[in-house]
Amino acid sequence: KAGVTQTPRYLIKTRGQQVTLSCSPISGHRSVSWYQQTPGQGLQFLFEYFSETQRNKGNFPGRFSGRQFSNSRSEMNVSTLELGDSALYLCASSLRLVAGALRYNEQFFGPGTRLTVL
Amino acid sequence: AQKITQTQPGMFVQEKEAVTLDCTYDTSDQSYGLFWYKQPSSGEMIFLIYQGSYDEQNATEGRYSLNFQKARKSANLVISASQLGDSAMYFCAMREANNAGNMLTFGGGTRLMVKP
């Protein structure tokens with residue numbers, strides 16, 4: 001069974017540009033979450049999509065957006081890039097959307113996209 | 001306040017010895033889940049172990065065990081018989097029932113280095 005794939009793996013952009021990152025979840029998984037990892041802020045939740053709908057959103061500016069397609073693949077977009085957007089962007093897929101933490105639901109992470117903004 | 005605190009930025013352990021990585025958490029939810037992930041230099045997050053707040057027994061997965069002390073709000077990871085391949089960053093994370101979906105809150109991580 002193929003794991004979570006993210007493309008591209010590495011990306012270099014300049015300030016002011018926009019970027020689109022892609023995530024393909026494990027086959028059959030319908031939930032896709034995105035995280036940003038930086039040395040200063042650590043791992044922070046961006047948003048989660050389930051069945052093409054955004055279900056939860058972290059504390060990020062509106063420049064960060066995402067979407068999910070009918071095949072569960074997800075994209076995230078960052079417009080008007082800033083130097084501080086340089087980070088490792090991780091995508092995680094899950095089989096289901098959890099209602100309450102009692103129910104265990106493993107998340108499988110992809111290898112990430114390393115974005116460098118110059 | 002930090003929801004997940006990992007107080008050890010870096011640790012060394014001798015190969016074949018056991019090591020404990022600390023994690024304390026803060027939540028007002030009665031229902032929550034605690035996770036440990038390993039992140040090698042390649043960047044991918046690898047799931048290690050899970051503990052639900054209502055689980056009465058400490059979770060174990062092979063060489064990994066979770067020392068769950070609910071009253072103290074701690075969920076320390078114990079790795080037995082360390083191997084060179086265990087050298088990586090380790091993250092403690094929490095999912096709270098009041099949050100919709102699968103959102104995880106992560107700690108700052110601990111870098112573990114295994115010495116031969």
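**Note on the disulfides of this predicted model**

1. In chain B, a disulfide (a pair of cysteine sulfur atoms within 2.5 Å) joins B:C23 to B:C92, with an S to S distance of 2.0 Å. The torsion about this S-S bond is -60 degrees, and the link of B:C23 and B:C92 is left-handed. B:C23 sits in the loop between β3 (19-21) and β4 (24-25) of chain B, whereas B:C92 belongs to strand β10 (residues 88-96), so the link connects distant parts of the chain, 69 residues apart; strands here are DSSP runs of E with at least two residues, numbered from the N terminus.

2. Both B:C23 and B:C92 are buried, a word that stands for under 20% relative accessible area, computed with a 1.4 Å probe on protein chains only.

3. In chain A, the sulfur atoms of A:C23 and A:C91 lie 1.7 Å apart and form a disulfide. Because the torsion about their S-S bond is about -45 degrees, this disulfide is left-handed. A:C23 lies in strand β3 (residues 19-24) and A:C91 in strand β9 (residues 87-94), so the pair ties together parts of chain A that are 68 residues apart in sequence.

4. A:C23 is buried, at a relative accessible area of 0%, and A:C91 also counts as buried, at 0% relative accessibility. Over all chains, the count comes to two disulfides.

5. A word on method: the model is predicted, local features need pLDDT of at least 70, and side-chain atom pairs count only at pLDDT 80 or more, while totals for chains, interfaces and linings use all residues. Residues are numbered from 1 along each chain as its sequence is written, chains are lettered from A in the order in which they are written, and side-chain values use heavy atoms, leaving out hydrogens and water.

How values were computed: Helices (H or I, at least four residues) and strands (E, at least two) are DSSP runs, numbered from the N terminus. Buried means under 20% relative accessible area, exposed over 50%, partly exposed in between (1.4 Å probe, protein chains only).
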